Amino acid sequence: MAVSTPRTPEQGPPADRRSGTLQAALGVTAFSLTFPATAWGLEGFGPWSLVAVRSVLAAVIAGGCLLALRVPVPARRHWAGLAVVAAGVVLGFPLLTTLALQTSTTAHAAVVVGLLPLTTALLSALRTGARPSRMFWGAALAGAAAVIAFTVQQSGGALSSADAYLFGALLICAAGYTEGGRLARTMPGWQVIGWALVLCLPLSVPGALVALSYEPVHLSAHSVAGLLWVAAGSQFLGLVVWYRGMAAIGIPKASQLQLAQPLLTLVWSVLLLGEQLTPAAPLTAAAVLICIALTQRARG
């Protein structure tokens, strides 16, 4: 009797692959709008208020989904990992990038944070004990050098406080992504971010109340739209379609779609915020894209 082998995502029905590609692309599009939406949100909210309220709203959405689907509470051994995800993805990255966007353009931030896939790959290699090839390390270092040269050139010869926030955001978010990827082997990815959001509620709720009492709020169409997008679109729904798409087409193919995220953010910064791009921004973003593509090939 012949033994059937499980199908990989690439061997699935064409309709499933098309649907998965579409969902992954929607996730990347949602993430690419995060910085422009944050800039809109800062028009009406202070940085601490925006991050805390964003986290609370996203946790309410995620918690409602977890309750509606009767998802069981994760085992105790997973909570330490979820705390790392919460610190990196739910609190650390949004807070540091929001603080940076008070003085940095979204285009500048998009180029710097374009290093996130490389940073995540590096931390993942250290976390798992993997030994990537020389090609991988060479491409990673080249991408880092390109971004550092860009930030120094844009800042007039020295790193600014916004750059310090952005580089800190890279490290803490990469740690959260790495731990989230490990947890996603035992539970669906959307549940990882969902429980991480819920875990932050004891901090985000009082944090929002305190921040709103100190930072003035000036509601406008832009500020409300920006808040709603970073809470619902970037923090939760974007991750849902991203993980579903990644499961359908596989991590390697999905990661290729994510290479377009910094360049998409540059487009949104022009269309939505009216920012003027310097020639160095798209060129550096393209250089980082090439370096990431080389690391993907080296790892594959």
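Trainee: Is Arg70 buried or exposed in this predicted model?
Mentor: The cut-off for exposed is over 50% relative accessible area. Arg70 has 74% relative accessibility, so Arg70 counts as exposed.

Trainee: Where does Arg70 lie, and what is its phi?
Mentor: Arg70 belongs to the loop between helix 3 and helix 4, the latter being residues 79–100. Arg70 is not a glycine, yet its phi is positive. The value is about 55 degrees.

Trainee: What percentage of the 300 residues is buried?
Mentor: Buried here stands for under 20% relative accessible area. In the protein, the buried share of the 300 residues is 46%.

Trainee: How many residues of helix 2 are buried?
Mentor: Helix 2 spans residues 34–41 and is mostly covered. Its buried residues are Thr34, Phe35, Pro36, Ala37, Thr38, Trp40 and Gly41. Of the eight residues in helix 2, the number buried is seven.

Trainee: Within what arc do the buried residues of helix 10 fall?
Mentor: Ser204, Ala208 and Ala211 are buried in helix 10. Viewed down the helix axis, the buried residues line one face, because they fall within an arc of 80 degrees. The general rule is that an α-helix has 3.6 residues a turn, so residues three or four places apart point the same way. For helix 10, the arc is 80 degrees.

Trainee: Which exposed residues sit on the face of helix 10 turned away from its buried side?
Mentor: The buried side of helix 10 is covered by elements that include helix 3. The face turned away from that side carries the exposed residues Pro202, Leu209, Ser213 and Tyr214.

Trainee: What distance does helix 10 reach from its first C-alpha to its last?
Mentor: Helix 10 runs over residues 201–214, which is 14 residues. At 1.5 Å a residue, 20 Å is expected, and the model comes close to this. The distance is 20 Å.

Trainee: What separates the C-alpha atoms of Leu197 and Gly63?
Mentor: Leu197 is placed in helix 9, residues 189–199, and is buried at a relative accessible area of 0%. Beyond residues up to four places away in sequence, Leu197 touches Ser55, Ala58, Ala59, Ala62, Val90, Gln235 and Phe236. Gly63 is 134 residues from Leu197 along the chain. The C-alpha separation is 8.1 Å.

Trainee: Which residues does His108 contact, leaving aside neighbours within four places in sequence?
Mentor: His108 is in helix 5, residues 106–113. Its relative accessibility is 9%, so His108 counts as buried. With those neighbours left aside, its contacts are Phe150, Thr151, Gln154, Asp163 and Leu166.

Trainee: What share of the accessible surface of the protein belongs to carbon and sulfur atoms?
Mentor: The accessible surface of the protein is about 14600 Å². The part belonging to carbon and sulfur atoms is 68%.

Conventions: Residues numbered from 1 in each chain as written. Predicted model: local features only at pLDDT ≥ 70, side-chain atom pairs only at ≥ 80, totals over all residues. Heavy atoms only, no water. Helix = DSSP H or I, 4+ residues; strand = E, 2+ residues; numbered from the N terminus. Expected span 1.5 Å × (residues − 1). Buried < 20%, exposed > 50% of the residue type's maximum accessible area, 1.4 Å probe, protein only. Arc of directions from axis to C-beta. Contact = heavy atoms within 4.5 Å. Areas by Shrake-Rupley, 256 points an atom, 1.4 Å probe, with all protein chains shown as cover.
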